[in-house]
Amino acid sequence: MPLPPLPDDAVVLGASASSWREALRVAGGALVASGATTEPYTAAIVDMVEEHGPYIVISPGLAFAHARPGAAVLRDGLAVVTLAEPVAFGHPHNDPVRVVLGLAVAEVGTHLESIGEIANTFNDPTVTSRLASAASAAEVRAILGVASSGAAGAAGAAGAAGAAGAAGADS
């Protein structure tokens, strides 16, 4: 199964985050802005890390933010957030994180397939650094080999950035 499309409003480049929770809220906000999830999915992502630790930091500089499929997932979705300054998640080997990849899948069966596809993408050790340096959503899509959903992103991207800033106020 290919990765879900990546609309412009699911890409946030150069985001500011002062903590891992805030970085996850930015990624969750991008999934919400793209129409893939609702706010409870963002909370579920944070809850997973609080419960299980920084297991989502899957390689140096990369966090793979996700939670279980459920009612808060409206459709399969992908989000990419690059951080202006790296953030520590508490992983002993892969901190600090510069790129947060958000994934939402609607069904359990596709959840595992999507995770496998992401693992294959990041077998190339240059992908994380190339994403961290990306200057546009189109460049991010090219690096990941994914399509845009065709959704216009200017208003959504501004909304995601605004939601991200608001999320930081409560961390």
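1. Which pattern does the protein follow when read along the sequence? The order is β-α-α-β-β-β-β-α-α-α-α, with six helices and five strands in total. Helices (H or I, at least four residues) and strands (E, at least two) are DSSP runs, numbered from the N terminus.

2. The model is predicted: local features need pLDDT of at least 70, side-chain atom pairs count only at pLDDT 80 or more, and totals for chains, interfaces and linings use all residues. Residues are numbered from 1 along each chain as its sequence is written, and side-chain values use heavy atoms, with hydrogens and water left out.

3. Of the 171 residues in the protein, 50% are buried (under 20% relative accessible area; exposed means over 50%, and partly exposed lies in between, with a 1.4 Å probe and protein chains only).

4. L144 touches L6, L78, V80, L101, T121, F122, V127 and L131 (heavy atoms within 4.5 Å), not counting residues up to four places away in sequence.

5. In α2, the buried residues are Y41, T42, I45, V46, M48 and V49. They lie on the same side of α2 because they cover an arc of only 150° around the axis, taken from the directions from the helix axis to the C-beta atoms. P40 and E51 are exposed on the other side of α2.
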